[in-house]
Amino acid sequence: MNAVPGDLGVGTMAELDAERTAAARRRAATRTQRTSEARLRLLTLPAMILADVLALTLAVGIAFAVRQVVLPPAGDLRENVASASLIMALGWLAAIAVLGGYDRRQLTSGPQLYRNVLHASGAAFGVIGALVYLLDLELSRAFFLAFFVAGPPLLLLNRLLLRRGLANARVRGAFRQSVIAVGSLGHVDGIAATLHRERWLGYDIVGAVTPGGIADSSRLGIPVLGAERDLLAIAESADPDMLLFTAGSTSSAEEFRRTAWKLEHERIGVIVVPALTEISADRVTMRPVAGLPLVHMDLPRARQALRWTKRLFDVVVAALVLVVISPLLAVIALRIRAHDGGPVIFRQQRVGRDGKHFEFLKFRTMVTDAEAVKAEMVERAVQDRGNTVMFKMQDDPRVTAPGRFLRRFSLDELPQLWNVLRGDMSLVGPRPALPGEVERYDDGARRRLHVRPGITGLWQVSGRSDLSWEDTVRLDTYYVDNWSFTQDLQILMRTVKAVLASSGAY
């Protein structure tokens, strides 16, 4: 006999009410996020075009000033520039639009957006230059060259500032998109952990749809909304901005294709995530062949991180920096000696490339019996920073007065430039580990030992002592697997910001 509402128990009715309330809240949150996202879509393109117009106007002013300063002033330049610059700017803006420089979907992928702008700038330079030559137009060549030299950096700066502004807004809760993840709970939790960590992407997973739809929630607490066979009904009810399909979310390509057909008339975006993680964009190329979206992936680059070009860069930069800062090194040494009369340099055994030990150098920032005091502190479990493998404290009583200042701005690391010259370390690389830490490594963590450790690295510019052990290993293995010279330069520039902010420096 079928149950009627009057036959339902109090507990069942309460559960139904709670479920309806939760669903209503999800729909309300989704509507708010969708309104915010729609506002972003309306504002992004006009804002980018307006910023580019201002940038090119500034480039015209710079080019005009350069022409009049470098060469003898031309009296008729102002009249020629007024008409020619408008045509050149319009042509440049058109090239940017055609080559994807205004694609808002690329805002989360900076390198691709920057490449589109540079390609458009090169195309505009070639086409406009050819037209000026073929039509024999009256235009100063110095002005033309200065205009196309000043323009690209300003256009790239526009997009950099826009990306950072959007990322900051998303971290604060604006312009976020609701997402329902489709797939096994293991894959859903993996994606959810990444999206939670990288909040600047702007995705909030509000629920999961699994093959069986049996569990109530995932290990990370993501509610299961139902089974894949009911995906369309769930999508219509929850009304998310995005459906995210993880690896193995459908039993066949044909099933996924039919699911896409059913979603054709819905206002829902679709994201497909392959079973690949911690891979940089320049290692992956997608090429559709015979209707198959083939993803080509370069193999890990640990061997490339040992190339002679990286070593030459390390030696040249370390030697130049040591020469330039030698007076500062002398002042620091005198201050440490004057404080307590102890040794200036702290020497410690660390583990380098392929597990080989080397003598690690730092300016001494602690009392002379720091290691003995550390052993006592470990026994008393007074650690309040670091993680389960690395010992750190925010207010370590072993640190001396001058040592506290040196640590705040990472000046204690400067003697490691000598380690770089000796070949023990690199300017950029994984954190140099203690032998006791290496003994506790698993196979994943040991991959950090495939390259030279670095004075700085992703671990330093991403939080340093504030990182968990899992995040420390993840960042170091990401660096090893995805090494590139460009990434090294970016890390060095980010290190300056991290040092000045004293983030995670204890």
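Is Asp 354 buried, partly exposed or exposed? Asp 354 is exposed, because its relative accessible area is 53%, where buried means under 20%, exposed over 50% and partly exposed in between, with a 1.4 Å probe and protein chains only.

This is a predicted model, in which local features need pLDDT of at least 70 and side-chain atom pairs count only at pLDDT 80 or more, while totals for chains, interfaces and linings use all residues. Residues are numbered from 1 along each chain as its sequence is written, and side-chain values use heavy atoms, with hydrogens and water left out.

**Two loops with positive phi**

Stay on Asp 354, which sits in the loop between strand 8 (345-351) and strand 9; helices (H or I, at least four residues) and strands (E, at least two) are DSSP runs, numbered from the N terminus. Although Asp 354 is not a glycine, its phi is positive, at about 60 degrees. Next, select Phe 175, in the loop between helix 4 (141-171) and strand 1 (177-182). Phe 175, also a residue other than glycine, has a positive phi near 55 degrees.

**The nonpolar cores**

Now select Ile 332, Phe 363, Leu 414, Leu 417 and Tyr 479, the residues with the most contacts inside the largest nonpolar core, which has 31 residues. Such a core is a set of buried Ala, Val, Leu, Ile, Met, Phe, Trp, Tyr and Cys residues joined through side-chain atoms within 4.5 Å. Elements that each supply at least two residues of this core include helix 8 (308-324), strand 9 (357-363) and helix 16 (469-481). Helix 9 gives the most, with 4 residues.

Centre the view on Phe 363: leaving out residues up to four places away in sequence, its contacts include Leu 329, Ile 336, Val 344, Phe 346, Leu 406 and Asp 412, contact meaning heavy atoms within 4.5 Å. A second, separate core of 29 residues can be found by selecting Val 81, Ala 89, Trp 92 and Ala 124, which are among its members.

**A strand position**

Move to Thr 285 in strand 6 (residues 284-289). Thr 285 counts as partly exposed because its relative accessibility is 47%. Beyond its neighbours within four places in sequence, Thr 285 is in contact with Leu 294, Val 295 and His 296. His 296 is 11 residues away along the chain, yet the two C-alpha atoms are separated by 5.1 Å.

**Helix 1**

Finally, select Ile 62 in helix 1 (residues 10-70). Ile 62 is partly exposed, with a relative accessible area of 35%.
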